[in-house]
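Dear colleague,

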Amino acid sequence: MYTNETSPELLSNLDNSPFTQQQLADLNEQALAMINQQQAYKESHPPSAIYRVATEGSQTRRGGVVQQATSPMAFTLDNGQKVKAAQKGDRVVYPDGSTAQIVTAAGEQYSHVALVGSYLSNGDEIINTLQDRCLIIGRVGVSKAEDFLPALESLKHEA
């Protein structure tokens with residue numbers, strides 16, 4: 001199970017270039033300019049947080065489990081198991097058979113995919129995920145959209 005906990009080492013490694021020096025040398029000017037522009041942005045706005053995508057099997061603080069996720073996004077875990085990404089509106093089932101819906105997510109920009117940290121209709125919160133590959137990076141000086149993991153209080157004011 002994976003959470004949104006970070007370390008300075010993890011945050012510093014998020015912006016490592018996937019390109020070797022030889023690959024960069026072989027790029028045309030336009031491609032290299034784009035990569036340099038992205039690198040300058042990353043240096044100006046270093047990573048400050050991560051938000052992992054929740055999946056089927058993600059657990060909540062009160063013992064619920066995300067079941068039957070409806071997102072078309074899917075992951076193959078290291079053990080070969082395939083799981084779908086959860087999204088706003090998906091159900092969480094508790095050991096006593098009760099259910100709740102996911103009510104906060106990454107927002108429209110990210111197709112309302114649920115995250116570790118998403119809240120449920122009963123006030124519970126998703127605390128982990130089965131996958132470690134897909135995450136959203138929060139950056140210093142970059143504001144999140146209003147619909148990105150809004151506080152439950154703001155949802156009550158909208159109702």
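R139 is buried, with a relative accessible area of 13%. Please keep in mind while reading that this is a predicted model.

The side chain of R139 meets that of D15 in a salt bridge, with 2.7 Å from N to O. This pair joins distant parts of the chain, since D15 sits in the loop between α1 (8–13) and α2 (21–25) while R139 belongs to strand β7 (residues 135–139), the two being 124 residues apart. D15, at 11% relative accessibility, counts as buried because that value lies under the 20% cut-off.

A salt bridge also forms between E125 and R61, whose closest N and O atoms are 2.9 Å apart. Here too the pair links distant parts of the chain: E125 lies in the loop between β6 (99–101) and β7, and R61 in the loop between β1 (47–52) and β2 (65–66), with 64 residues separating them. E125 counts as buried at 18% relative accessibility, whereas R61 is exposed, with a relative accessible area of 56%.

D132 and R133 form another salt bridge, in which the closest N and O atoms are 3.8 Å apart. Of these two residues, D132 is partly exposed, with a relative accessible area of 30%, and R133 counts as exposed at 54%. Both residues also take part in a network of salt bridges that links D78, D132 and R133.

In total, the count comes to four salt bridges.

Notes:
Residues are numbered from 1 along each chain as its sequence is written. This is a predicted model: local features need pLDDT of at least 70, side-chain atom pairs count only at pLDDT 80 or more; totals for chains, interfaces and linings use all residues. Side-chain values use heavy atoms; hydrogens and water are left out. Helices (H or I, at least four residues) and strands (E, at least two) are DSSP runs, numbered from the N terminus. Buried means under 20% relative accessible area, exposed over 50%, partly exposed in between (1.4 Å probe, protein chains only).
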